[in-house]
Amino acid sequence: IAVHVLPWPSLTVCWVPSITGENVKVDGSSDENVTTHRILVGCNAEASGNEQYISLCSVNLPNENENESKNSTKYAANMKNIGRYTQRSTIQRMKIMPQRPELVASITASGDVIIINTGDANRENGNEFKLELTLKGHTNEGYGLDWSSKNKGRLLSSCEDTVICLWDIESNGGKSGGIVAEINPVRRFRGHKKSVGDVRWHHREEHVFGSVSDDCMLALWDTRVSGDNVPSQQTKGHDSDINCLDFSKFDDNYLVTGGGNSTVYLWDRRRLKSKTHEFKHHSGGILQLHWCPFQRNVFCTSSEDTKVCIWDIDKIGIEQTPEEALDGAPELLFLHSGHTEAVFDVSWNPDQDWTLASTAEDNVVQIWSVAMPIRA
């Protein structure tokens, strides 16, 4: 649908959910087939002296029916910057607070977590966003970041220093210092022996979260337990570094993990000692994965092999003809091959089903959709 070339690569991309529940029609347009969406990217300069910044962009997209028509190309548009926040350290990952979508958390290469306010009333010098909070608890490069969908203001972060930090920005535990508040973590979890690549809250059980690490371990934690050094469940998840995980949004027991050796595994919390299924197609390390927000059986993965795969767990084990098998496993629903270098991140659009955005090492952010006949 749209291709946007950045001056530098973005390691992360994130759709901004509509606050009103409906996307605003394009300004000045009477075309009912188009809506305006917002998306966040982080631009990371590779040369010293250049700016690193979080950019909030708007993009006009054809609605679902129009997107399938032969005339959909007339609606394609590049992303337009409508605000940004400039910082010194590399932006590793961004997450939007579910209860307050104007608040964006970003974890940086320094290990600091910053919270900015992207609301229209919170800007300086025109389009520059204000810094709300700085969260200091890590001592090395940051990787994992996730807001709780159940407890407003609760945030998890993970880092190369092997530590997982739990933050609560609603508890007002910070000290303003006259300009910007700094908040210390509520708790630190130290169960991993190597860098913690990702951390995610369970979508329905507010006290449960998971983490994955370069120590090859998948760990599940319960914040109701007083000990901070031993997870409630753990298993050797992969034979190499584990980069990412996500819990199903519809099934309390399912989660998926992605490894540095191209492996993608499905797990059942009730039988965590062994994986439930392995998804085979990628030929490079898995950099990110996300369950679909609107379809219980679908998730996506992005990889160093330049591909984004969309998987359907309901199709596991379906018999194939030899010709069908040439296209991949039956559970491989869709393959996006638009990038030329490693795909760092991928994001489902929460306001338009089957529309995604992906960002890659080739400095390109692509917005694309899954064709109607292929959808699960």
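The model is predicted, so local features need pLDDT of at least 70, side-chain atom pairs count only at pLDDT 80 or more, and totals for chains, interfaces and linings use all residues. Residues are numbered from 1 along each chain as its sequence is written, and side-chain values use heavy atoms, with hydrogens and water left out.

**Overall fold**

- The protein chain has two helices and 30 strands; helices (H or I, at least four residues) and strands (E, at least two) are DSSP runs, numbered from the N terminus.
- Of its 376 residues, 56% count as buried, where buried means under 20% relative accessible area, exposed means over 50%, and partly exposed lies in between (1.4 Å probe, protein chains only).
- Among contacts between residues at least 6 apart in sequence, 55% join residues at least 24 apart; a contact means heavy atoms within 4.5 Å.
- The protein chain exposes about 16100 Å², and carbon and sulfur atoms supply 44% of that area. Accessible areas come from the Shrake-Rupley method with a 1.4 Å probe, and for residues only the protein chains shown count as cover.

**The largest nonpolar core**

- As background, nonpolar side chains tend to be buried together in soluble globular proteins.
- The largest nonpolar core here has 17 residues, and Val113, Ile115, Leu135, Leu155 and Ile169 touch the most other members. Such a core is a set of buried Ala, Val, Leu, Ile, Met, Phe, Trp, Tyr and Cys residues joined through side-chain atoms within 4.5 Å.
- Two or more residues of this core come from each of β7 (103-108), β8 (113-117), β10 (128-135), β11 (142-147), β13 (164-168) and β14 (181-183).
- Strand β7 gives the most to this core, with three residues.
- Not counting residues up to four places away in sequence, Leu135 touches Asp112, Val113, Ile115, Leu155, Trp167, Ile169 and Ile183.

**The largest pocket**

- The volume of the largest pocket is about 740 Å³. On a 1 Å grid over the protein atoms alone, a cavity is a set of points where a 1.4 Å probe fits but cannot get out, and a pocket is an open set with protein on both sides within 12 Å along at least five of seven lines; lining residues have an atom within 4 Å of a point. Grid points are joined across faces, edges and corners, and a volume is the space filled by probe spheres set on the points.
- The lining has 29 residues, and Cys14, Lys95, Ile96, His203 and Lys249 are the closest to the pocket centre.
- Elements that give two or more residues to the lining are β2 (13-16), β6 (91-96), β11, β16 (196-201), β24 (286-291) and β28 (343-348).
- By type, the lining divides into 15 nonpolar, seven polar and seven charged residues. Here Ala, Val, Leu, Ile, Met, Phe, Trp, Tyr, Cys and Pro count as nonpolar, Asp, Glu, Lys and Arg as charged, and the others, Gly among them, as polar.

**Buried serines in strands**

- Ser106 is found in strand β7 and is buried, with a relative accessible area of 0%.
- Leaving out residues up to four places away in sequence, Ser106 touches Ile54, Ile91, Arg93, Met94, Asp112, Val113, Ile114 and Leu145. The C-alpha atoms of Ser106 and Arg93, 13 residues apart along the chain, are separated by 5.6 Å.
- Ser302 lies in strand β25 and counts as buried because its relative accessibility is 0%.
- Beyond its neighbours within four places in sequence, Ser302 is in contact with residues including Gly285, Leu287, Lys307, Val343 and Asp345.

**Residues in loops**

- Glu304 is found in the loop between β25 (298-303) and β26 (308-312), and at 46% relative accessibility it counts as partly exposed.
- Glu304 touches Gly284, Gly285, Leu287 and Ala342, not counting residues up to four places away in sequence.
- Trp354 is in the loop between β28 and β29 (355-360) and counts as buried at 5% relative accessibility. Trp354 and Trp368 are 14 residues apart in sequence and 8.5 Å apart in space, C-alpha to C-alpha.
- Cys216, in the loop between β17 (208-213) and β18 (217-222), has a positive phi of about 75° although it is not a glycine. Cys216 counts as buried, at 13% relative accessibility.
- Thr162, in the loop between β12 (154-159) and β13, has a phi near 75°, a positive value in a residue other than glycine.
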